[in-house]
Amino acid sequence: MRRTPVGSLIAILLAVGIVGWLVLRALETRSVYLPVVPWLVDVAILALAGGVFWSGWAVRSYQKGKRPSLDGIRAARTLVLAKAAALTGALLGGWYLAQVLVVLGDLTIEPRRDRAVAAGIAMLCSIVLTVVGLVVEKFCELPPSDKDRASSEEGESPAPA
């Protein structure tokens, strides 16, 4: 498996932000307004990031030799969970970015400002989830094998995984 490209995650965040902004603007022209993002959303996203990091820390401990054994399936599931967390964080970050963009022009109105702050905090929590996903992907990366090291020392490119 390849690591998730950061550029793809940024593109997803921006694309979802732009499309979400267009949809939310269209809804607001029809007097349909989203409620303020509840603080429980921030707690849930950060709890998810903590769970992903905890799961990845077990894999990292095994690779550093501090853990005696680790099931290969658990390591593979942790990698998939990390990839999903990175993607989910980018998608949610784009959605909350769209909510911030919609109310950006009306920050002098207190309810709109409160909505922008709540969505901005949720966007930051989503970015934390994305970063944790990328870090845990790095934790799950296998060190190069002896064969790969020997071929890279001889100037050959390592075989693709």
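This note goes through the predicted model point by point, from the overall fold down to single residues.

1. Overall make-up. The chain has five helices and zero strands. Read from the N terminus, the order of elements is α-α-α-α-α. Of the 161 residues in the chain, 34% are buried. Among contacts with a separation of 6 or more, 81% join residues 24 or more positions apart.

2. Packing of α3 on α4. The axes of these two helices are 7 Å apart, and the helices pack at an angle of about 160 degrees. An angle over 145 degrees counts as roughly antiparallel, and α3 and α4 are therefore roughly antiparallel to each other. Their crossing is left-handed. Sorted by class, the residues of the contact of α3 with α4 are 18 nonpolar, nine polar and four charged.

3. Packing of α1 on α4. Helix α1 covers residues 6–29 and helix α4 covers residues 110–139; their axes come within 12 Å and cross at roughly 155 degrees. That angle makes α1 roughly antiparallel to α4. The crossing in this pair is right-handed. On the α1 side the contact is made by Val 6, Leu 9, Leu 13 and Glu 28, and on the α4 side by Arg 112, Arg 115, Ile 127, Thr 130 and Leu 134. By class, the contact of α1 with α4 has five nonpolar residues, one polar and three charged.

4. In soluble globular proteins, nonpolar side chains tend to be buried together. Here the largest nonpolar core has 23 residues, and Val 37, Tyr 96 and Val 136 have the most contacts inside it. Helices α2 (39–63), α3 (72–103) and α4 each supply at least two residues of this core. The most comes from α4, which gives nine residues.

5. Val 37. Which residues does Val 37 contact, leaving aside its neighbours within four places in sequence? They are Tyr 96, Gln 99, Ala 118, Ala 119 and Ala 122. Val 37 and Tyr 96 are both among the residues with the most contacts inside the largest core.

6. Val 36. This residue is found in the loop between α1 and α2. Val 36 is partly exposed, with a relative accessible area of 43%. Not counting residues up to four places away in sequence, Val 36 touches Asp 114, Arg 115 and Ala 118. Arg 115 also belongs to the α4 side of the contact with α1, and Ala 118 is also in contact with Val 37. The C-alpha atoms of Val 36 and Gln 99 are separated by 9.5 Å, although the two residues are 63 residues apart along the chain.

7. Ser 126. Apart from residues up to four places away in sequence, Ser 126 touches Ile 45, Gly 89, Leu 92, Gly 93 and Tyr 96. Tyr 96 is also in contact with Val 37.

8. Glu 137. Helix α4 also holds Glu 137. With a relative accessible area of 2%, Glu 137 is buried. Its contacts, leaving aside neighbours within four places in sequence, are Arg 3, Thr 4, Leu 79, Ala 82, Lys 83 and Ala 86. Arg 3 and Lys 83, two of these contacts, count as charged by residue class.

9. Trp 57. Helix α2 contains Trp 57. Trp 57 is partly exposed, with a relative accessible area of 39%. Between the C-alpha atoms of Trp 57 and Cys 140 the separation is 9.2 Å, and the two residues are 83 residues apart along the chain.

10. Ser 31. Most residues other than glycine have a negative phi. For Ser 31, phi is near 65 degrees, a positive value in a residue other than glycine. Ser 31 lies in the loop between α1 and α2. Ser 31 is exposed, with a relative accessible area of 55%. Val 36 is found in the loop between α1 and α2 as well.

Terms used. Residues numbered from 1 in each chain as written. Predicted model: local features only at pLDDT ≥ 70, side-chain atom pairs only at ≥ 80, totals over all residues. Heavy atoms only, no water. Axes fitted to C-alpha atoms, helices over the stretch in contact; angles between N-to-C directions. Helix = DSSP H or I, 4+ residues; strand = E, 2+ residues; numbered from the N terminus. Parallel < 35°, antiparallel > 145°, perpendicular 65-115°, else oblique. Left-handed = near helix turned anticlockwise from the far one by under 90°. Contact = heavy atoms within 4.5 Å. Core = buried A, V, L, I, M, F, W, Y, C linked by side-chain atoms within 4.5 Å. Buried < 20%, exposed > 50% of the residue type's maximum accessible area, 1.4 Å probe, protein only.
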